[in-house]
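Here is a short briefing on the two ligand sites of one structure. Please read it with the model open.

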Amino acid sequence: MRGMLSPSVMCADLLNLFDEIKKLDNLGVEYLHIDFMDNKFVPNITFDTNMIKSFKKPMKNIKRDIHIMAFEPEQYFDKMEIGEGDMVSVHFEACDDPHKVLADIKSRGADPCIAISPDTPVEVVNDFLDEVYAVLLMTVYPGFAGQPMAPKSMERLSQLKEIVDKSGKDVLIEVDGHVSWEHCGQMRQNGADIFVAGSSSVYGKDYPLDEAVAKFYELVK
Ligand code: DX5
Ligand code: ZN
């Protein structure tokens, strides 16, 4: 299976979001990465739940990849209209009972994913491989676009791949943060399946969007 792309919409042209989503949909991109931040778990705010709900309107084939950087993420699921086709990541560090939250996502017909920040040992995912669609490995400290890669991210990715392979479970690996032109090929080799592309690649202004998407798929095939 080819590497899948999830462009980070917080890095897109925020004054033309409808067109941005249509463009990505028409380019056959698998996911739209939508960051939700509560200004508590991370010191930043991006889109509100209403916006995240409305992102579904222009979508034909592209799917929502919702990354919830918030404490008690389950409180937002209704307002975001989480459902069939959505991939939803919640942070291990932000949930009192991650198992309960992941089960809630699954009960809505969406694909549950556990996200881990750079200081969280990769081994924690062992507890969740039976109940997740994917693991979201943060390769920057969550909260802002445009950051450098967190230390040891590449080694952590290989370690995570080893853990998933050893488990025999069919769990995907998503990488998020500084997924740059320079690093995405190596990330693919180290085990990444889904790539959150933001300011350091697809939204980096080096190429028009369609060329950037084609180049990215070439690098992660
Ligand atoms: C950071 C967000 C990422 C970010 C990626 O907390 O989760 O999605 O927007 O952007 P770059 O590629 O600039 O790190
Ligand atoms: Zn994200």
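Which residues come nearest to ligand 1? Of the 21 residues around ligand 1 (a heavy atom within 4 Å), Asp 35, Gly 143, Gly 146, His 178 and Ser 199 come nearest. This is a predicted model: local features need pLDDT of at least 70, side-chain atom pairs count only at pLDDT 80 or more, and totals for chains, interfaces and linings use all residues. Residues are numbered from 1 along each chain as its sequence is written, chains are lettered from A and ligands numbered from 1 in the order written, and side-chain values use heavy atoms, with hydrogens and water left out.

- An oxygen atom of ligand 1 lies 2.7 Å from a backbone N or O atom of Gly 143.
- A polar backbone atom of His 178 is 2.9 Å from a ligand 1 oxygen.
- The side chain of Ser 200 places an N or O atom 3.3 Å from an oxygen of ligand 1.

**Shell around ligand 1**
- β2 (31-37) and β3 (63-69), strands taken as DSSP E runs of at least two residues, are the elements that give two or more residues to the shell.
- β2 gives the most, with three residues.

**Zinc site**
- His 33 (NE2), Asp 35 (OD), His 67 (ND1) and Asp 176 (OD) coordinate the zinc ion (ligand 2) at 2.0 to 2.3 Å; donors are N, O and S atoms within 2.8 Å of the metal (3.2 Å for Na, K and Ca), and water is not among the atoms, so sites may look incomplete.
- Along the chain, the donors follow the spacing H-x1-D-x31-H-x108-D.
- Asp 35 lies in strand β2 and Asp 176 in strand β7 (residues 172-176), so the pair ties together parts 141 residues apart in sequence.

Terms used
Polar contact = N/O pair within 3.5 Å; in protein donor to acceptor, adjacent residues only side chain to side chain. Helix = DSSP H or I, 4+ residues; strand = E, 2+ residues; numbered from the N terminus.
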